[in-house]
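User: Here's a model I'd like to talk through with you. Can we start with the core and work outwards?

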Amino acid sequence: MAGKTYTVSGMSCGHCAASITEEVVEVPGVTEVDVDVPTGRVTVHGEAVDDDAVRAAITEAGYEVTAAAQGAAA
């Protein structure tokens, strides 16, 4: 299963994580979303996931993607 990690600004609590998860899990192909609030990282797992759609979902949740990297987060 492919994974991509995004650095997201503005997250500060569990509600932030829940909001992002709720939006991103609706993106076609996404099977799992891991949000690490302290590091500001969101890792998305799935097959044939549209990067622009993930970024749009994070923005829709009210946060900003500041960086992205292929591969699962450590």
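Predicted model: local features only at pLDDT ≥ 70, side-chain atom pairs only at ≥ 80, totals over all residues.

User: Which residues have the most contacts inside the largest nonpolar core?

Analyst: Numbering runs from 1 along each chain as its sequence is written, and side-chain values use heavy atoms, with hydrogens and water left out. A nonpolar core here is a set of buried Ala, Val, Leu, Ile, Met, Phe, Trp, Tyr and Cys residues joined through side-chain atoms within 4.5 Å, where buried means under 20% relative accessible area and exposed over 50%, with partly exposed in between (1.4 Å probe, protein chains only). The largest one has 19 residues, and those with the most contacts inside it are Val8, Met11, Ile20, Val24, Ile58 and Tyr63.

User: Which element gives the most to this core?

Analyst: Helices (H or I, at least four residues) and strands (E, at least two) are DSSP runs numbered from the N terminus. Strand 1 (2–9), helix 1, strand 2, strand 3 and helix 2 give two or more residues to this core. The top contributor, with 4 residues, is helix 1.

User: Within what arc do the buried residues of helix 1 fall?

Analyst: In helix 1 (residues 14–24), the buried ones are Cys16, Ala17, Ser19, Ile20 and Val24. On the other side of helix 1, Gly14, His15 and Glu22 are exposed. The buried residues line one face of the helix because, seen down its axis, they fall within an arc (taken from the directions from the helix axis to the C-beta atoms) of 165 degrees.

User: In the hairpin of strand 2 and strand 3, which turn residue has a positive phi?

Analyst: Two strands pair if DSSP finds at least two bridges between them. Strand 2 (residues 30–36) and strand 3 (residues 41–46) run antiparallel, joined by 6 bridges, and Asp36 has Arg41 as its bridge partner. The hairpin leaves 4 residues between the strands, and the turn residue with a positive phi, about 75 degrees, is Gly40.

User: Which side chain makes a polar contact with that of His45?

Analyst: His45 sits in strand 3 and is buried, with a relative accessible area of 13%. A polar contact is a pair of N or O atoms within 3.5 Å; within protein, one must be able to donate a hydrogen and the other to accept it, and residues adjacent in sequence count only if both atoms are side-chain atoms. At 3.3 Å, the partner side chain is that of Asp34.
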